[in-house]
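Open your viewer and get ready to select a few places one after another. Each stop says what to pick and what you will find there.

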Amino acid sequence: MKRLNFLMGTVSGLTVVANGEHVFARALAATPLPGLPGSGDRCLVLINLQGGNDGLNCVVPHGMPQYYQVRPKIAVPRGDVLAIDGTLGLNPQMRAFKAMYDKGQVAIVQGVGYPDPDHSHFRSTEIWQTAAPARYEHTGWLGRYFDEAGLPENDLFKGVAVSQVLPEVLVSNHTDIPSIPNAGNYGMLSDRNAFERRAFAQTAQDRALPFSSPYLAHVMEIEDHAQRSSEELPRLIAGYKTDAAYPATELGRSLALAAQIVGSNLGTKVLYVAHGSFDTHINQKAVQDRLLGEFSDALAAFYQDLAAHGNDRRVLTLTFSEFGRRIEENAGAGTDHGEASPLFLIGGGVKGGLYGTLPDLANTNMGNLRFTTDFRSVYATVLERWLGRPSTTVLAGSFPTLPLLA
Amino acid sequence: MDFGGYYRPVGSLDAGAALAPRAGTLDARSAAHLLRRAGFGGNPGEIARYAAMPVGAAVESLIRFPNVPGAAPDDVYSPASLLQQYGAQGLRALGDVQTKALYRGIREQEQRSVASIQLWWLNRMLSSAAPLQEKMALLYHGHFTSAVVIKGISPAMIYNQNQLFRAYALGNLRELTRNVAKDPAMLRYLDGTSNVAGQPNENFARELMELYTLGVDHYSEEDVRQSARAWTGWRFDRFNEEAFFVPRLHDDGVKTFLGQTGNFDGDDVVNIIFAQPQCARFFAGWLLNSFVYNDPEPELVDQVAQMLRRHDYELAPVMSALLRSNVFYSERAYRALVKSPVEFVVGAHKALGLPEIGPQALPALRQMGQVLFYPPNVAGWPGGQNWLTSATIIQRQNYLARIVNSQSLEQSSWLHELPMQVKPAAQKLVAQILQGDAAPAAIFQLEGLLGGAGSSALAALSAENYDERVSGAAYLTMSMPAFQLA
């Protein structure tokens with residue numbers, strides 16, 4: 001509420017748009033279904049491990065002799081694994097992340113995938129983002145969440161993609177989600193003077209036009225959002241200070257901005273960040289180890305930062321990758337596109353530990369791990385038990401939730 | 001079009017008169033409307049020329065377009081000859097490091113080549129004497145989708161597909177569909193070359209009906225399976241990038257498809273599909289959504305579908321009738337479509353009367369959400385309201401800011417000769433760029449800007465401050481809501 005008043009206060013002088021017919025329809029569609037109490041200030045950070053992260057060298061089955069048989073060149077030596085138990089352990093580069101696991105802040109869901117897996121990066125990424133394995137869907141699962149959640153129209157940052165281009169997962173029918181790769185670049189080019197910017201704001205909102213269009217109200221609304229959000233963002237997040245030592249990597253910078261946005265209380269429910277590329281067909285070890293190390297260090301700094309501002313329990317981080325990789329290594333000391341792989345849920349709100357079932361390394365689908373947990377079960381868990389929303393319409397089906405949130 | 005975010009204009013359709021030809025002569029407003037829809041907009045000279053023409057003659061001049069050979073792109077790359085030098089055995093003999101280096105080199109050349117073809121096409125949209133041909137090629141590209149650089153689709157292959165679309169711009173839809181089905185880029189994109197007798201791959205067979213010709217719910221899963229059998233036998237040779245048919249890989253058994261039985265091949269499948277009334281309705285809806293307004297009424301779709309069938313799917317007579325029709329010039333159709341990023345970028349250069357689109361358009365288009373030859377998926381770009389978000393609007397505005405400057409004033413066919421009085425100058429900007437579609441308060445802002453309200457000293461418009469003020473005013477005019485709409 002405070003946040004909303006604050007934003008409204010900053011736009012005095014601008015005409016607040018009286019929205020047209022679609023907004024009315026939108027308001028009807030957006031009547032909120034009953035939510036869970038306490039979900040109000042929770043936020044989800046989605047990290048896309050782009051390119052297909054090799055699950056077996058990330059969460060390593062060091063207790064299984066077969067793992068060492070099929071990966072003579074690239075298996076993680078047993079003595080190097082950061083053991084979780086006698087069977088599984090984390091990649092040695094993930095030391096900081098292992099410390100978070102040991103503190104109970106990390107849930108690992110094993111063997112996540114979907115039926116009839118697609119091996120194209122492109123299509124499988126789309127499937128994970130739209131949560132629609134069997135049909136083409138242009139909205140993302142979190143885009144549909146926004147369409148249904150009925151969040152205040154005036155919250156301009158209810159979702160933020162920390163990326164150049166809006167990812168499909170945040171594409172929606174009715175909700176405007178900005179993509180902000182870095183706060184300094186999000187804005188109208190500054191070589192225009194203040195008068196022009198003001199004039200733009202005003203001309204964009206004048207409704208006395210000599211034509212009508214089914215899209216006019218939308219154009220005006222989005223121009224208003226663009227204008228206000230780009231002008232407001234630097235000021236809204238300027239007060240946030242942090243001592244956290246983020247690594248000087250792209251993921252480190254992205255998560256630092258994510259923490260700043262969360263900590264500035266802009267009503268943000270979802271943030272999207274990408275990390276990669278994990279497409280390790282050749283000489284996998286060097287590339288994947290570096291990326292996992294960056295992931296581990298950036299995540300640790302992120303949660304330190306969040307904790308220092310009392311936000312660590314508010315923020316749940318979920319990772320995904322379009323597929324895992326082939327069980328057997330290839331001749332180039334790499335791995336080819338595979339199927340099921342583990343994913344992580346991180347934060348003060350999770351019940352740490354291992355969930356799901358490790359897929360059988362012997363009973364494979366043509367050399368690929370068969371999934372044991374449908375990815376939509378993870379999404380249903382996040383929707384229902386974290387964001388406090390029903391999941392069946394967003395996911396076009398009913399999927400059992402997992403007991404991994406505190 | 002099953003996407004959300006498409007809206008029909010308010011008001012009701014006069015179904016009886018909708019497709020009757022509109023009589024009389026165009027004016028600036030309707031000429032600009034015609035040029036936006038049948039192309040990418042007009043520069044002030046083109047709009048003035050069309051504004052004096054009778055409707056029929058104006059449409060004819062767009063439909064009977066000249067055969068424009070035009071220059072080819074500078075760099076149309078294919079790795080085929082390089083791969084041929086190695087040969088299949090030579091490639092197998094390469095070590096991992098060499099293989100990686102080879103393909104990295106190929107990938108780099110491909111990226112450069114794609115950028116060259118993208119820029120070439122944008123400039124062709126801007127300058128072609130046959131804008132409708134380019135518009136149709138763009139619409140086909142978003143409909144019969146293929147993407148470059150994946151699945152072994154080289155820049156040369158996507159360029160050839162682009163030329164196929166150009167050749168069929170106003171040709172026969174059935175024939176185009178038969179040809180695009182055997183186009184190497186399409187065969188690779190939808191796995192048609194992995195489809196062999198006994199092990200059918202249904203990808204193309206499904207999309208052919210679902211996305212390209214009929215729409216969901218107008219065929220059964222069994223029709224998909226039977227169609228896939230009919231399409232078996234196509235292979236691809238990456239050493240010359242040709243598709244070829246191998247009879248022994250083709251399933252020549254009897255198929256039952258959409259109620260008919262016979263030893264069908266792919267051409268037969270297309271012919272059977274095009275005999276379905278739903279196919280005509282599907283393309284009628286596509287044409288109306290692309291040229292008139294979104295979510296058209298079913299009775300209007302039926303009328304255009306009948307026209308398509310009457311002309312046996314020949315597009316020239318159908319497009320001619322559509323672009324002359326009452327419904328096309330109705331107030332309900334006016335500014336009723338959202339410009340795609342490509343239409344926005346090309347249209348901005350048109351409006352400013354600029355001679356060329358520079359390479360800065362390519363990253364800008366990416367950030368606006370439309371990269372030529374990279375549709376987001378087989379369903380193409382979701383348009384309508386989906387194009388506009390805060391981030392894409394900012395990118396659209398920033399692109400305008402980048403292209404409006406002193407240099408472009410110089411290059412513009414008309415911006416350097418505005419009247420030196422504030423009111424007439426503002427009026428001319430709004431007339432030339434927006435055909436008057438600006439609100440009085442916006443025009444007042446524009447006059448303020450031209451009069452120096454934004455600068456430290458109020459001074460009359462003069463040679464001294466002309467560049468700064470006029471470029472600001474041109475930017476502001478193009479920032480008005482009407483400019484986002486086609």
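Helices and strands on this tour are DSSP runs, numbered from the N terminus: helices are H or I of at least four residues, strands are E of at least two. What you see is a predicted model, in which local features need pLDDT of at least 70, side-chain atom pairs count only at pLDDT 80 or more, and totals for chains, interfaces and linings use all residues. Residues are numbered from 1 along each chain as its sequence is written, while chains are lettered from A and ligands numbered from 1 in the order in which they are written.

**Stop 1: a loop in chain B**

Select Ala71(B), which sits in the loop between α3 (55–63) and α4 (80–93) of chain B. Is Ala71(B) buried or exposed? A residue counts as buried if 20 or more other C-beta atoms, placed from the backbone, lie within 10 Å of its own, as exposed if 12 or fewer do, and as partly exposed in between. Ala71(B) has 8 other C-beta atoms within 10 Å, so it is exposed.

**Stop 2: the whole of chain B**

Zoom out to chain B, which has 22 helices and four strands. Its radius of gyration, taken over C-alpha atoms, is 25 Å, close to the 23 Å that the globule rule (2.2 Å times the number of residues to the power 0.38) gives for 486 residues, so chain B is as compact as a globular protein of that length. Along the principal axes, the C-alpha atoms of chain B fill a box of roughly 80 × 65 × 40 Å. Buried residues account for 52% of the 486 residues in chain B.

**Stop 3: a hairpin in chain B**

Next, pick strand β1 (residues 234–237) of chain B. Its covered face holds Trp234(B) and Phe236(B), and its uncovered face Arg235(B) and Asp237(B). Strand β2 (residues 242–245) of chain B runs antiparallel to β1(B), joined to it by four bridges; strands count as paired when DSSP finds at least two bridges between them. Look across from Arg235(B) to find its bridge partner in β2(B), Phe244(B). The two strands form a hairpin with four residues between them, and Glu241(B) in the turn has a positive phi of about 55°.

**Stop 4: where the chains meet**

Show both chains. Taking contact to be C-beta atoms, placed from the backbone, within 7 Å, 49 residues of chain B are in contact with 48 residues of chain A. Which helix gives the most to the side of chain B that touches chain A? That is α18(B), with seven residues.

**Stop 5: the core**

A nonpolar core is a set of buried Ala, Val, Leu, Ile, Met, Phe, Trp, Tyr and Cys residues joined through C-beta atoms within 7 Å. The largest one has 260 residues, and Leu44(A), Ala258(A), Leu271(A), Val345(B) and Leu446(B) touch the most other members. Helix α10 (residues 284–308) of chain A supplies the largest share of this core, ten residues. Centre on Leu271(A): leaving aside neighbours within four places in sequence, its contacts include Cys43(A), Val160(A) and Ile261(A).

**Stop 6: a sheet in chain A**

Finally, find the open sheet of three strands in chain A, with the order β2-β4-β3 and antiparallel pairing. Its edge strands are β2 (59–60) and β3 (82–83) of chain A, each pairing on one side only. Val59(A) stands opposite Leu90(A) in β4(A).

Methods
Contact = placed C-beta atoms within 7 Å.
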